Amino acid sequence: MYENILRHPGPTPIPKKVQLAMNRDIFSHRSTEFVELYRETIELVKPIFGTKQEILLLPSGGTAALEAAAVNTVAAGEEVVVITVGAFGDYFVSICEQYGFHVHKLEKQWGQACTAQELREFLQPLQHIKAVFITYNETSTGILNPIAELAQVVREESDALLIVDGVSCIGGAPAEMDAWGVDILVTGSQKALMLPPGLSLVSVSERAWQVIEENQAPSYYLNLASYRSWAEKGMTPNTPAITLIYGLHEVCTLIEAEGGFAKTVARHELMKNMVRSAMKALNIDLLTTDEYASPTITAIMAPAGIALGDFLTHLKQQYHLDFAGGLGHLQGQMFRFGHMGYCFPSDVLQAVSLMEAALQDFSYDFEPGAGVRAAHEVFLTAQRK
Ligand SMILES: *Cc1c(COP(=O)(O)O)cnc(C)c1O
């Protein structure tokens with residue numbers, strides 16, 4: 001009878017209205033109906049990226065879009081900086097290495113963000129950096145890197161492009177691509193955009209297009225220039241994920257109905273604060289400090305004395321609450337509470353309350369109700385404003 005309560009940092013639950021919107025007949029991607037859908041959808045997505053530039057739609061996971069950003073801008077042997085603060089930053093390193101870029105890796109301990117000062121010191125001795133790659137929201141640790149500040153440093157210290165992986169936060173975190181000076185911003189469908197997997201979005205600045213035009217992208221399917229020329233006609237080079245584009249159109253409509261994107265961002269900020277307060281009230285440690293904490297995923301350490309694997313299995317089997325485990329060396333030490341996209345303060349209260357039930361089952365020493373009360377207090381305070 002119970003449905004699984006999916007609280008992963010992707011894939012994430014899909015709103016009923018979005019599911020219904022996708023339950024439509026397919027039409028040809030060369031039809032006037034498609035052109036209209038495509039053009040309308042792109043216009044609706046732009047505020048979520050904070051851009052007036054073209055946004056390209058790839059029929060792919062987020063990784064292919066990251067690969068497209070890399071292979072279209074940098075050639076083998078050229079120098080890049082990759083900032084990595086966790087597992088997804090490391091994937092960006094792997095993509096760059098795969099294509100033979102000369103990678104300078106700015107690596108931070110898991111749970112920390114990269115600061116403007118650190119990036120400045122790292123960039124200063126370097127001369128020929130073609131691009132700086134960074135993860136906006138590190139999904140493995142729940143860290144939101146300060147992209148606005150880092151973008152400014154990149155501009156001041158280099159001529160490099162700034163290429164940002166926004167896969168696990170665009171749609172839930174603030175994004176001002178144009179104002180911040182981000183050159184390529186990438187995201188995927190199945191995280192904060194509350195769609196099924198299979199669609200990715202890439203926005204490219206004028207500066208980046210100039211670089212792309214000079215670069216002989218050694219990829220046929222991921223050739224962004226080709227996407228751009230088809231986008232001028234309201235189409236994509238090959239068959240797009242038509243169904244997901246219906247869904248994306250509906251997602252944008254839902255975000256408008258929430259009161260605009262700023263409201264959606266505020267809801268994510270509120271959920272972050274609710275989760276963090278609840279864990280503090282339960283004396284459960286968080287991996288990160290509040291300063292750079294992600295609005296879409298919170299990394300929570302294993303409650304003292306509890307075998308985490310057993311706890312997560314119990315939560316899922318007994319209470320149908322499905323959290324994601326830790327990645328890399330943090331596996332077994334922490335878990336990840338996804339609160340993005342189709343997730344509301346009421347869902348956070350539900351999850352915290354079920355967590356308390358499981359904590360009780362594991363004889364964890366705490367004051368029953370303390371976590372829910374703390375989260376609820378944050379919620380009530382926000383409602384009073
Ligand atoms: C999920 C994720 C990806 C990979 O996206 P896929 O759709 O699985 O290819 C890349 N970067 C970040 C930050 C992610 O969270």
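Reader: How do the residues of the lining of the largest pocket divide into nonpolar, polar and charged?
Author: This is a predicted model, in which local features need pLDDT of at least 70 and side-chain atom pairs pLDDT 80 or more, while totals for chains, interfaces and linings use all residues. Numbering runs from 1 along each chain as its sequence is written, and side-chain values use heavy atoms, without hydrogens and water. A pocket is an open set of points on a 1 Å grid over the protein atoms alone, where a 1.4 Å probe fits, with protein on both sides within 12 Å along at least five of seven lines; lining residues have an atom within 4 Å of a point. With Asp, Glu, Lys and Arg as charged, Ala, Val, Leu, Ile, Met, Phe, Trp, Tyr, Cys and Pro as nonpolar and the others, Gly among them, as polar, the lining holds six nonpolar, three polar and four charged residues.

Reader: What volume does the largest pocket have?
Author: The lining comprises 13 residues, and those closest to the centre of the pocket are Glu3, Asn4, Pro13, Ile14 and Tyr342. The volume of this pocket is about 360 Å³.

Reader: Which element gives the most to the lining of the largest pocket?
Author: Strand S1 (5-7), helix H1 (16-22) and helix H13 (345-361) each supply at least two residues; helices (at least four residues) and strands (at least two) are DSSP runs. With three residues, the greatest contribution comes from S1.

Reader: Where is Pro11 placed?
Author: The peptide bond from Gly10 to Pro11 is cis, with omega near -5 degrees. Pro11 itself lies in the loop between S1 and H1.

Reader: In which loop is Met194 found?
Author: Although Met194 is not a glycine, its phi is positive, at about 50 degrees. The loop that holds Met194 runs between strand S9 (184-188) and strand S10 (200-204).

Reader: What area do domain 1 and domain 2 bury between them?
Author: The protein is divided into domain 1 (16-256) and domain 2 (260-384), with their C-alpha centres 28 Å apart. Their contact (heavy atoms within 4.5 Å) takes 28 residues from domain 1 and 23 residues from domain 2. Buried area is the accessible area (1.4 Å probe) lost on putting two parts together, summed over both. Here 68% of it is on carbon and sulfur atoms, and the area is about 2,000 Å².

Methods
Grid points are joined across faces, edges and corners, and a volume is the space filled by probe spheres set on the points. Domain bounds come from an automatic or database domain assignment.
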